[in-house]
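Reader: I have a two-chain model open. Walk me through how to read it, starting with the contacts that join the chains.

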Amino acid sequence: MKRTIPLLITAIGGFVLIIAFFSSYTQSWGEVAAIWFDILAAIAFILGGGNLMKIHLKKISDRKAGWAYSGVTLIAFLTTLIIGLGKIGVNPSEQFPDYAWSGSYREVGGPFWWLYEFAFKPLTATMFAMLAFYVASAAFRAFRAKNIEAILLLGTAFIILLGRTYAGVWVTGWLPEWLEGLKLENLTVTIMKVFNTAGNRAIMIGIALGIVSTSLKVLLGVDRSYLGGGEE
Amino acid sequence: MYEFFRDLDRRWIFLMMFLCVAVPIIIIGATGKTFPEEPTQLVRAVFDEIENLPSGSKVLLSYDYDPASEGELAPMATMFAYHCAAKGHKMYFMALWPVGPQMVDDTIENIIKKDFKDLKYGEDYVNLGYKSGYEGVIKVIITDFTELYSTDTRGTPWSAIPMCHDVNSVQDMDLIVNVSAGYAGTKEWVQYAVTPYPKLRMVAGCTGVQAPLLYPYIPQQLHGLLGAIKGAAEYEALVIEAYGDKMARKDAGDNPLTDDNGDYLIPGKYTEGIRRMGPQLVAHLLMILLIIVGNVIYFVERRREGRR
């Protein structure tokens, strides 16, 4: 029973969405299923939060390696959650001044805004910016012209790297009009529009066919791995 | 020298990258000099889609990114908002990412409230905010907004927002503008909005890593694309060319200020993309140099091993 009901929900939900896509008469069924999906997605945040707490509390309790980081994660999570949900330090909105919680949790100058502006924003931006350093290091150590394929890849990388900046204009700007297509900025566009598009379309069609077959297996109950382990 | 590069500590590479980014930022900041931009056809297509719509058209702007990719995407998000506001379009802001509303807030505060003071919230622009469900949100609002968006972010009921009175679904929009950093983003908008409803028109701006994956949708499903900071810079150049007089800093008599060459003095917030092309150029050159040096070392080592 524990597996039959989820299997039925999956099959019904999946087939309803497929039928709704192809038939205008059943379009509203698909809309209902999509609304259910959105509601479940919202509830998933609660499950996600609960799971995060469970994993990190266990790590702290077992004193596993790096347990202090789990402590930092939990403190950051709970602080943000309490301040955001409780709208701590937020003034009531102009529309509803009598209701303490009517203000926006993102109010400028409020504690949640402060956390976002001075903790979340710089931290996430820093993490992303660090990629530039690692990519440069990796390019130096790993990008080797070992064979024909690697040479082609290197050549393409050089054209794109130069073509996406003003260096492209510097390097090939002198070419006459009849060789316009060989200018680096134009070569970049050609590579993206022709070679990249052709390759990506082939990959996308392949992936789509794979998704169709995998989805059918899931909807027909052949593939039940998504249900996880456990007894019937 | 050879040994130094062969055994190069990666901290030297980090330092070089830091200098390659920092020095151009400082120089461009101090001199105000930037590289000229020649917009590509795809960027022109984005500009034309917004420009050719009659004033008062409904434009849905979905800002699906977060602070991690703000450096790459905020310049184009800023320009999209400016262009739509300058053309007098009705702007419906929304987000599929949890921190997307903050991105929208930044744009509204820095662009609309400062440079378009005559625009009224609820009549000319509205912030619908974030809803959970990723592509599920698109699937619902493509046929009915109110199923998910019963209010805007301020809690104003949908029916009480004047510019929403004649809007039932995304299909009522004249254009979808998406700024995307990944899932859910442009790909999902194409798959769940534009593909089933081909009359919808859409343009997008995305991160560099996403751009190659979106080219297959051009031009049938995606009518224009700004790829990374380069795309943003080219788009800025086009908007400045068209609206430079309105955008420029003004003197006491409200006349646009120009520099010695007669070019308009454009506020820095509208040239973020153009200014970031300087650090990008030097960083790209460093990458090429590192790859060449790395390969020289590789071939020298291989030859030495062959001799042994």
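Reader: How many salt bridges are there between chain A and chain B?

Author: A salt bridge is a side-chain nitrogen of Lys or Arg within 4 Å of a carboxyl oxygen of Asp or Glu. Between chain A and chain B the count is three. One of the partners is Asp106(B), bridged to Lys121(A), with the closest N and O atoms 3.6 Å apart. This is a predicted model: local features need pLDDT of at least 70, side-chain atom pairs count only at pLDDT 80 or more, and totals for chains, interfaces and linings use all residues. Side-chain values use heavy atoms, without hydrogens and water, residues are numbered from 1 along each chain as its sequence is written, and chains are lettered from A and ligands numbered from 1 in the order in which they are written.

Reader: Which elements of chain A give two or more residues to the side that touches chain B?

Author: Helices (H or I, at least four residues) and strands (E, at least two) are DSSP runs, numbered from the N terminus. The elements are α1 (4–22), α2 (27–61), α4 (111–142), α5 (148–163), α6 (167–172) and α7 (184–219) of chain A. Of these, α4(A) gives the most, with 16 residues.

Reader: What is the area buried between chain A and chain B?

Author: The size of an interface is often given as the accessible area lost when the parts come together. Buried area here uses a 1.4 Å probe and is summed over both parts. The value is about 5100 Å², and carbon and sulfur atoms give 67% of that. In chain A, Arg106(A), Phe140(A) and Arg164(A) lose the most area to chain B, together 14% of what that side buries. Contact (heavy atoms within 4.5 Å) takes in 51 residues from chain A and 67 residues from chain B.

Reader: Now the backbone. Which peptide bonds are cis?

Author: Most residues other than glycine have a negative phi, and most peptide bonds are trans. Two cases to inspect are in chain B. The bond from Tyr183(B) to Ala184(B) is cis, with omega near -10 degrees. Ala184(B) sits in the loop between β4 (175–180) and α7 (186–194) of chain B. The bond from Ile218(B) to Pro219(B) is also cis, with omega near 0 degrees. Pro219(B) is in the loop between α8 (211–214) and β6 (224–227) of chain B.

Reader: And what is the phi of Lys87(A)?

Author: Lys87(A) is not a glycine, yet its phi is positive, about 50 degrees. Look for Lys87(A) in the loop between α3 (67–86) and α4 of chain A.

Note on methods
Buried area = accessible area lost by both parts, 1.4 Å probe.
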